[in-house]
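Take a walk through this protein with the sequence and the 3D view side by side.

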Amino acid sequence: MFETLKALNPDPILGLMAAYRQDQNPKRVDLGVGVYKDEAGHTPILDCVKRADTLHRAAETTKTYVGPPGDPDFDAGIEKLVFGADHPTLKAGLIRTVQAPGGCGALRIAAELINRAKPGAAIWVSDPTWANHVPLLGDAGLEIKLYPYYDAASQGLKADAMLGALAQIPAGDLVLLHGCCHNPCGVDLKPAEWDAVAKLAVDRGFTPFVDLAYLGLGTGLDEDAYGVRKLAATVPELIVASSCSKNFGLYRERVGALSLVSPNAAQTDIVFGQIQNVARGIYSMPPNYGGALVGRILSDATLTADWKRELNAMRDRINGLRGQLATKFRERLGTHRFDFIPQQLGMFSFLGLTKEQVAQLKNEYSIYMVDSSRINVAGVNQQNIDYFCDAVCQVL
Ligand code: LMR
């Protein structure tokens, strides 16, 4: 039967990992897939994770199934982290969280839940958005529509166009928002813009859905959560998919969470049961290990403090590199063309190169980035920064 299937092109982001690994050039530079790298170009296991692992192994007595919602310490810890321990909606008992296999798992079970509630519902995503949002949401049956977001000319937000488009969205549609560190463009909403989105959601009756994959890697844990907390305090229904891949460095452990805000206790319970039922029909229960580590870190004050220090160090390194890139490009080009890099947040920025220039960087310099010229800033280090900046200036 499978002879009917057609060969596919490699995934636009994951395909770069394989191509980079095969490249023998000692000068190769990987700015492709969005994983944090340290100064040595390595994606480290955080010290707090290593300590949580030791404690977890000593305490673990069984490998029986974890329940469908996952690790209870994890779920409670994520709710406090994302919404803030004193958030009125959390205190009112109107938020329910389940552990999911990564942020992708959370996105997918949310999409399936939406499709149960409103088959074929329209979900508006930013133009551009993370490439994998389209299959994760669309393959569940949702209709994908675009709202204006990134302005390539100013390397900033099309704020008026975005808010104007949201003001036309019909009641009952959904709007996907990047909670912080927009992937792929690095341009985030400011608090006043989040306030405007929250008001529009109430006025128009659309449901916000926040993808929070990079919490803490933009400005700070609380600052990065401004939008999600504002929405949770304002709108009757909110969906939040969060991930521990980047901020805990737990990529391969597949640990994320889906949180739902509901307007009343009865709906809260119904939604909680429905999410677990959706998950049961796809993967039954989440893997335990990664969630157990995060649950342990977030329920231990010392481990939490250590994690925050390590997270701050990752964020500071990325933001420092952003400044250095702008300076080095200014020195080389004598223009302010790349001054936008430190204005943006998180791992990603678009360099504004053509596909041909991106291909030239790969073929002639072994520098890997997504075709759109999205770079993972964390892949830059003191060994490769001059090589990278020289090469970009050569292809311009
Ligand atoms: C990325 O955007 O590079 C990351 O989120 C990794 C992925 O799965 O695409």
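Find Gln-383 in the loop between β13 (374-376) and α15 (385-395). Helices (H or I, at least four residues) and strands (E, at least two) are DSSP runs, numbered from the N terminus. Gln-383 is exposed, with a relative accessible area of 66%. Here buried means under 20% relative accessible area, exposed means over 50%, and partly exposed is in between (1.4 Å probe, protein chains only). Gln-383 and Gly-41 are 342 residues apart in sequence, yet 9.3 Å apart in space, C-alpha to C-alpha.

Two notes on the model. It is predicted: local features need pLDDT of at least 70, side-chain atom pairs count only at pLDDT 80 or more, and totals for chains, interfaces and linings use all residues. Residues are numbered from 1 along each chain as its sequence is written, and side-chain values use heavy atoms, with hydrogens and water left out.

Now go to Lys-80, in helix α3 (residues 72-83). Lys-80 counts as partly exposed, at 48% relative accessibility. Lys-80 touches Ala-85, Leu-90 and Arg-229, not counting residues up to four places away in sequence. Contact means heavy atoms within 4.5 Å. From Lys-80 to Ala-359 the distance is 44 Å, C-alpha to C-alpha, and the two are 279 residues apart in sequence.

Next, step back to the domains. The domain assignment gives domain 1 (10-44 + 315-395) and domain 2 (65-299). Such bounds come from an automatic or database domain assignment. The C-alpha centres of the two domains lie 28 Å apart. Their contact takes 19 residues from domain 1 and 22 residues from domain 2. How much area do domain 1 and domain 2 bury between them? The value is about 1600 Å², 59% of it on carbon and sulfur atoms. Buried area is the accessible area (1.4 Å probe) that two parts lose on being put together, summed over both. Arg-315, Leu-345 and Phe-350 supply 38% of the area that domain 1 buries against domain 2, more than any other three residues.

Look inside next. The largest nonpolar core has 129 residues. A nonpolar core is a set of buried Ala, Val, Leu, Ile, Met, Phe, Trp, Tyr and Cys residues joined through side-chain atoms within 4.5 Å. Helix α13 (residues 301-333) gives the largest share of this core, 8 residues. Domain 1 and domain 2 both give residues to this core, so it lies between them. Trp-307 is among the residues with the most contacts inside the core. Not counting residues up to four places away in sequence, Trp-307 touches residues including Leu-46, Leu-81, Phe-248 and Ile-297.

Two strands pair if DSSP finds at least two bridges between them. At one end, β3 (residues 122-127) and β4 run parallel, joined by 6 bridges. Trp-124 stands opposite Lys-145 in β4. β2 and β10 pair in the antiparallel sense over 6 bridges. There, Gln-99 has Ala-257 of β10 as its bridge partner.

Why is strand β10 (residues 256-261) largely enclosed by the rest of the structure? The reason is that 6 of its 6 residues are buried. Gly-256, Leu-258 and Leu-260 point one way from β10, while Ala-257, Ser-259 and Val-261 point the other way.
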